[in-house]
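I opened my notebook to get to know a structure that was new to me. Come and look along with me.

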Amino acid sequence: MTAYMVEFPAEYDAAVYKSENAELANFSPQLLEQHYYLYGVPEGRPGNALKTRTDFLTLIPSTAKVLEIGPYFSPSMTGENVKYFDVLSREQLIERAISQGQTEPNPPHIDYVSPVADLGVIDAKFDYIVSSYCIEHQTDLIKHLQDVENLLHPGGSYFVMAPDKRYCHDYWMKESGVAEVLGAHHENRTTHPFRSVVEHLALSAHNDHFRHWAGDHGYPYEDFLPRLDRAKHVFENANGNYVDVHSWYFTPDSMREIIHILNRTGDVKLSCARCYDTRRDHNDFWVILQKANS
């Protein structure tokens, strides 16, 4: 066991759920748990001790050695023990942020840079690895998880903050399945296919999670033709190079299932230690993938 392994809060905590829902005070433990999975999860009710992303990230000890993947100009982790990996250098991140309308962006120094997102350029091991809104961009999800495992000390953990497709601009997309994940790995995919570019640029929904939670998802083909023309233009102008779009669409349940199956096939050894369900009026869920302690 590493010096930095901690006991993570349960995904479902009966005491927390009861305290958050006074009308359930007289429910038996069995009925309370049934209520959580039947109604609490779909309604986004808090069912564990983690209320915010800050609560999630503070599970990582401040003394642990940490790598953050893709911090852009707003890293999730800071401190003297934190290193950063990105596809762009600090100077390039500043240029990109300004081009997107950000004023005075201040990204951290990027310790490891790979334009093709190759984690193999990193020559160190870490207790924890963190990524926020990054895993859905991976061209080959299996290789990404294998590379992360190789960078972790035994017993180390990968903290993932991922968008829930039901409450973001991925709403109209089908949940990714394990066959697609295996296919991308079989193809040694290093760029996103045309399909993903079309989905991301021409078929995406609005990105207002409050509206999604309220049941307002917009219209799936709004401005479709001009958006499709843009997708074609972006893809063709890339000349076979990487285009930064989403390729994977997750919910907490689908993430659990994909990791479980990839564990069974032996393609991924990181196990799903925790997967915390999406809270109401938010659009992300939190996952802890753990490396074996040997």
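Entry 1: I sorted the lining of the largest pocket by class and got 19 nonpolar, 16 polar and eleven charged residues. For that sorting, Ala, Val, Leu, Ile, Met, Phe, Trp, Tyr, Cys and Pro count as nonpolar, Asp, Glu, Lys and Arg as charged, and the others, Gly among them, as polar. A note on the source: this is a predicted model, in which local features need pLDDT of at least 70 and side-chain atom pairs count only at pLDDT 80 or more, while totals for chains, interfaces and linings use all residues. Residues are numbered from 1 along each chain as its sequence is written, and side-chain values use heavy atoms, with hydrogens and water left out.

I then looked up which residues lie nearest the centre of this pocket. They are Arg96, Tyr133, Cys134, His137 and Asp244, out of 46 lining residues. The volume came out at about 1500 Å³, taken as the space filled by probe spheres set on grid points that are joined across faces, edges and corners. A pocket here is an open set of points on a 1 Å grid over the protein atoms alone, where a 1.4 Å probe fits, with protein on both sides within 12 Å along at least five of seven lines; lining residues have an atom within 4 Å of a point.

Next I checked the elements around it. β1 (66-69), β2 (82-86), α4 (90-99) and α5 (141-151) each supply at least two lining residues, and the largest share, three residues, comes from α5. Helices (H or I, at least four residues) and strands (E, at least two) are DSSP runs, numbered from the N terminus.

**Entry 2: Tyr84.** I found Tyr84 in strand β2. Is Tyr84 buried or exposed? It counts as buried because its relative accessibility is 7%; buried means under 20% relative accessible area, exposed over 50%, and partly exposed in between (1.4 Å probe, protein chains only). Asp111 is 27 residues away along the chain, yet its C-alpha atom is 5.3 Å from that of Tyr84. Leaving aside neighbours within four places in sequence, Tyr84 has contacts that include Leu67, Pro75, His109 and Asp111, a contact being heavy atoms within 4.5 Å.

**Entry 3: salt bridges.** I searched the whole structure and noted 14 salt bridges, each a side-chain nitrogen of Lys or Arg within 4 Å of a carboxyl oxygen of Asp or Glu. One of them joins Arg166 to Asp164 at 2.6 Å, N to O. Arg166 is partly exposed at 31%, whereas Asp164 is buried at 0%. Another joins Asp216 and Arg211 at 2.9 Å.

I also noted Arg256 and Asp253, whose closest N and O atoms are 2.8 Å apart in a salt bridge. These two are three residues apart in helix α10 (residues 252-265), so about one helical turn separates them. Shared partners join Glu11, Asp253, Arg256 and Asp277 into one network of salt bridges.

**Entry 4: Arg279.** Arg279 is found in the loop between β6 (271-276) and β7 (284-290). Not counting residues up to four places away in sequence, Arg279 touches residues including Gly44, Pro46, Lys51 and Trp213.
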